[in-house]
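Welcome, and thanks for taking a look at this model. Please have the viewer open while you read.

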Amino acid sequence: NKQHTTVYKPTATNNIELPTLLAPQSEQVITHEGYTVSYNSEWCIPNWVAYELTAKEVAGDVPRGDDFVPDPLAKGNTATTNDYKHSGYDRGHMAPAGDMKWSKTAMDESFYLSNICPQNKNLNKGDWKELEELAREWALEYGNIYIACGPIVADNHKTIGQNNVAVP
């Protein structure tokens with residue numbers, strides 16, 4: 001099972017290091033209030049998501065949203081919530097809602113489907129959730145951290161839904 005592994009090279013942009021794709025693939029870099037996403041319209045998922053998380057942001061109190069919607073800035077094919085229905089996969093945040101409690105706009109934008117990947121339910125509610133919580137602990141401990149994450153998609157990847165959303 002050959003996997004398509006994207007290698008990233010950091011570049012300085014606005015004093016924050018963002019990943020850069022070294023392998024050619026679909027990419028649209030979109031900056032939202034709380035995170036930057038490299039959106040792949042061929043796969044309908046992010047190539048990567050990157051953001052700074054501060055202790056002050058972790059202490060925010062904006063209530064969690066739940067309105068998953070297509071990213072209005074994404075060009076080309078996008079996922080819809082129907083792609084995930086009855087697929088057996090969760091809608092897994094790359095930049096989690098729990099990191100966006102400092103701003104209503106950031107919270108709302110965290111539910112853009114350009115920030116979402118199909119995730120196994122056990123991963124999403126288990127190890128991935130624990131990693132998100134650990135990152136918030138580190139932000140509190142160190143004052144701020146930089147987070148970059150994204151999926152690994154096999155060459156022969158499975159897809160879900162009418163829009164053929166790639167399953168990492």
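## Strand E5 and its cover

A residue counts as buried when its relative accessible area is under 20%. With that cut-off in hand, strand E5 can be read from both sides: Thr36, Ser38 and Asn40 on one face are buried, and so are Val37 and Tyr39 on the other. E5 spans residues 36-40, and five of its five residues are buried. Do keep in mind that this is a predicted model.

## The strands on either side

What does E5 pair with? Strand E4 (residues 28-31) runs antiparallel to E5, with four bridges, and the two form a hairpin with four residues between them. Here threonine 31 sits opposite threonine 36 of E5.

E5 also pairs in the antiparallel sense with strand E6 (residues 45-54), over five bridges. In this pairing, threonine 36 stands opposite alanine 50 of E6. The hairpin of E5 and E6 likewise has four residues between its strands, and cysteine 44 takes a positive phi near 65° there.

Over to helix H5 (residues 127-142), where leucine 131 is placed. Leucine 131 counts as partly exposed because its relative accessibility is 45%. Together with Leu134, Trp138 and Tyr142, Leu131 forms a nonpolar surface patch with about 400 Å² of accessible area in total.

## Confidence

The average pLDDT of the protein is 89, and 86% of the residues score at least 70. Residues 1-13 have a pLDDT below 50, and this stretch makes 38 contacts in the model beyond near neighbours in sequence. Where pLDDT is low, predicted coordinates should not be read in detail.

Terms used: Residues are numbered from 1 along each chain as its sequence is written. This is a predicted model: local features need pLDDT of at least 70, side-chain atom pairs count only at pLDDT 80 or more; totals for chains, interfaces and linings use all residues. Side-chain values use heavy atoms; hydrogens and water are left out. Patches are made of residues with over 30% relative accessible area and no salt bridge: like charges are joined within 9 Å, nonpolar side chains (Val, Leu, Ile, Met, Phe, Trp, Tyr) within 5 Å. Accessible areas come from the Shrake-Rupley method with a 1.4 Å probe; for residues, only the protein chains shown count as cover. A salt bridge is a side-chain nitrogen of Lys or Arg within 4 Å of a carboxyl oxygen of Asp or Glu. Buried means under 20% relative accessible area, exposed over 50%, partly exposed in between (1.4 Å probe, protein chains only). pLDDT is the predictor's confidence in each residue, from 0 to 100. Contact means heavy atoms within 4.5 Å. Two strands pair if DSSP finds at least two bridges between them.
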